[in-house]
Amino acid sequence: MRSPRRNRRTALAALSAGVLFAVAGCGGGDDRTAKGTTGTAEAKDVLLQPLASPGPGPFTASTARATASPPPTGAPDGEPPSATRTVHPVSGAVPGLYGGTRSVAACDVERQTSLLADDEDKARAFADASGIEAVQIPGYLKSLTPVVLRADAQVTNHGYGAGSATAFQAVLQAGTAVLVDSRGMPRVRCACGNPLAPPVVADGKVAHRGERWPGYDPARIVAVEPGVKAATSLIIVNADDNTWIERAMGDSGGRDRTPDDPPPFEPDADLLFPSPGRPSESAPPDTAPSEPAEPTDPGPPVPSDDFGDTPPGEPWEYEEEGDPDVAPEPTQVFPAEPDEPAGPDGPFEPEAPAEPDVPMEAGLDDVFAG
């Protein structure tokens, strides 16, 4: 007879297998694609999701509203797409990262709330993936802002199957309707009601699965990072006339207005090369004096002597006799005035340390010796 602990392990294994089978089945039966839906730790497979495709395991029917499609995000000037995959970090607070239509919400937030409320299992799984309680879903969705992506963006998407959410890496096409939080992070994909989280960008070779769209370039993918602080509004691009819109956080477009202080670049500026989200190098302050100073030549560096003092500027010369008016440098040696004549065997040697009493017969080589 099996123990209760062993029975629980068997049930958990069966449940996990059911989740993977359900998600893989929505992905078209491609086993390689299913590997990308098993979690985020080994995110070597990334699913490409066109803006109108619900993708595997949708939580709800689409609540996205038809909006004007943004321009493709491929390489500018008709350059061919790069073969090298590059994911560019971009702050969610960057003006122009998102777009929309003035006074029109990209998603129907009320319908999204109703669809989740009608299915307790999906609501519970949605809340778990979003880090909230199921009872908080209505308030949570109303706090988010409906916009559309203006660049292909990698996210951690979540498919629903067997009562739980399963994470997988995905690239959402520019033009995808999303709900973003106060730090500019995509939190819900409106085409399927799936909860979204920050991406897990894997190192090394990554396989892109799914349908590629016109303008797709693996070197021009953004990874949205949270803004430094919570914002009260987003600066988005009006898809109708390429102008700036300031949209209040948690608003569906009813309070849209022209920003009082528009960004210092055009709405169609390239988000990636260079990215306006990265701090630009400001011009150095004008510290030039009113009258230009004449350049000076300090000349070659002059080494200091053994006592840490700098030698005099003039060439150092040996003198035969001392100069009482000039104090000698510590390393210079000058002969002293004789007080007594030298003895027959050499100079007189005093018992106590003192200045020599007799003139020294020294050459230049003796002065520099030692």
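Two strands pair if DSSP finds at least two bridges between them. The model used in these exercises is predicted.

**Exercise 1. A strand pair**

Task: Find how many bridges join β7 to β8, and which way the two strands run.

Solution: 
- Locate β7 at residues 177-180 and β8 at residues 186-189.
- Count the bridges: there are three. The two strands run antiparallel.
- Recall the general rule: strands of a sheet pair through backbone hydrogen bonds.

**Exercise 2. An aromatic pair**

Task: Classify the ring pair of W244 and F265.

Solution: 
- Start with the total: the structure holds four aromatic pairs.
- Take the geometry of W244 and F265. Their ring centres are 5.8 Å apart and their planes stand at 80°, so the pair is edge-to-face.
- Place the residues. W244 is in strand β13 (residues 244-248), and F265 is in the loop between β13 and α6 (364-368). The pair therefore ties together parts 21 residues apart in sequence.

**Exercise 3. Buried or exposed?**

Task: Decide whether W244 is buried or exposed, then do likewise for F265.

Solution: 
- The cut-off for buried is under 20% relative accessible area.
- W244 has 10% relative accessibility, so W244 counts as buried.
- F265 has a relative accessible area of 23%, so F265 is partly exposed.

Terms used. Residues are numbered from 1 along each chain as its sequence is written. This is a predicted model: local features need pLDDT of at least 70, side-chain atom pairs count only at pLDDT 80 or more; totals for chains, interfaces and linings use all residues. Side-chain values use heavy atoms; hydrogens and water are left out. Rings of Phe, Tyr and Trp (its six-membered ring) pair if their centres lie within 6.5 Å; planes under 30 degrees apart count as stacked, over 60 as edge-to-face and the rest as tilted. Helices (H or I, at least four residues) and strands (E, at least two) are DSSP runs, numbered from the N terminus. Buried means under 20% relative accessible area, exposed over 50%, partly exposed in between (1.4 Å probe, protein chains only).
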